[in-house]
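Please read the following report with the sequence and the model side by side.

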Amino acid sequence: MTAADQPRSGAQAVDRAIHVLNCFEGDDPELSVSELAHRAGLPVSTTYRLAQALVRGRLLEQDPATDRYRIGHGLASLARPALSRLGIDAAAPHLYALAAGIKITVSLSIADDRDAVTVFQARPPVYFCPNQLPQARQPLRSSAVGQALLAFSPVVDGLDRRPAPLMDLDRVRRSGFAVELIEREDPVRSVAVPVLGPDKQVWGALGVQARSARLNEELVRGIVPAMRQIAGRIGPLFQSTAAITDAPVELYSP
């Protein structure tokens, strides 16, 4: 049964509105009502009514020149208390300092089901390029941040528990960081280190990425100590892992 076939109710309208909002997850897209309806699997007329209600609530905004929709400022206002409560506000200055020092965008990711989800990014004041921005969601098994999470988290109830390549995870455990080469026309290399919360469980991962021609092995060796130092500083600022996911992520111990 599709979303359009389900019975109407007040709760169903709320579920549909949330589903419409989730269509904007990613790289801050601007969507027409027909594109939004296609993503949401809803009739255009229903999507239009929901989108207009979300605009009135400031959760979406509509470009007056194109009529396309995008995330509204109201969501940012609602998110601020959560960011502060989780400790991300307190960690932000450290992440910006790291980004300025290594001249590469620093991303903070957490585990969610089978993905690593980026929850914060700190861009450097210079030497920024779009290659430094990771996808909003990256597979745990095939991304640097995902492997940094998995390698130090043998018990991840509710997350992707299929065995990742053991040799890769052993290497990550020995070195303390994960590296991935993203094959593109202009290849990109990503590097990640785990972040331990105040309970000494894995809270998330710090990641950076850039063109592999720039982020070569020598630069990786140069920036990993700084990444691990900042990960150690910000870890105690966060709430326990149980506040982020439904189940705790236990620290790997050999």
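Between which two strands is the loop in which D113 is found? D113 is found in the loop between β3 and β4 (115-122), where helices (H or I, at least four residues) and strands (E, at least two) are DSSP runs, numbered from the N terminus. The structure is a predicted model, in which local features need pLDDT of at least 70 and side-chain atom pairs count only at pLDDT 80 or more, while totals for chains, interfaces and linings use all residues. Residues are numbered from 1 along each chain as its sequence is written, and side-chain values use heavy atoms, with hydrogens and water left out.

**Backbone geometry in loops**

Most residues other than glycine have a negative phi. D113, although it is not a glycine, has a positive phi of about 60°, and with a relative accessibility of 44% D113 counts as partly exposed; here buried means under 20% relative accessible area, exposed over 50%, and partly exposed in between, with a 1.4 Å probe and protein chains only. Y127 is another residue other than glycine with a positive phi, near 65°. Y127 lies in the loop between β4 and β5 (137-139), and Y127 is exposed, its relative accessible area being 56%.

**A buried loop residue**

T105 is found in the loop between α5 (88-102) and β3 (106-112), and T105 is buried, with a relative accessible area of 0%. Leaving aside residues up to four places away in sequence, T105 touches Q121, A122, R123, P124, F128, Q132, L133, G207, V208 and Q209, contact meaning heavy atoms within 4.5 Å.

**Salt bridges**

A salt bridge is taken as a side-chain nitrogen of Lys or Arg within 4 Å of a carboxyl oxygen of Asp or Glu, and by this rule the count comes to eight salt bridges. The table gives some of them.

| Side chains | N to O distance |
|---|---|
| R68 and E35 | 2.8 Å |
| R70 and E61 | 2.6 Å |
| R173 and D170 | 3.0 Å |

R68 and E35 meet in a salt bridge. Since R68 lies in the loop between β1 (60-62) and β2 (69-71) and E35 in helix α2 (residues 33-40), the pair ties together parts that are 33 residues apart in sequence. R68 is partly exposed at 26% relative accessible area, and E35 is partly exposed at 32%.

R70 and E61 are each partly exposed, with a relative accessible area of 22% for R70 and 22% for E61. E30, E61, D63 and R70 are linked in a network of salt bridges.

R173 and D170 both lie in helix α7 (residues 166-175), where they are three residues apart, about one turn of the helix. R173 is partly exposed, with a relative accessible area of 23%, and D170 is partly exposed as well, with 33%.

**Two packed helices**

How are α5 and helix α8 (residues 217-234) arranged, and how far apart are their axes? They pack at an angle of about 170°, with their axes 10 Å apart; axes are lines fitted to C-alpha atoms, for helices over the stretch in contact, and angles run from 0 to 180 degrees between N-to-C directions. α5 and α8 are therefore roughly antiparallel to each other, a description used for angles over 145 degrees. The contact is made by A91, H94, L95, L98 and I102 of α5 together with I223, A226, M227, I230, R233 and I234 of α8. By class, this contact of α5 with α8 has nine nonpolar, one polar and one charged residues, where Ala, Val, Leu, Ile, Met, Phe, Trp, Tyr, Cys and Pro count as nonpolar, Asp, Glu, Lys and Arg as charged, and the others, Gly among them, as polar.

Conventions
Angles under 35 degrees count as roughly parallel, over 145 as roughly antiparallel, 65 to 115 as roughly perpendicular and the rest as oblique.
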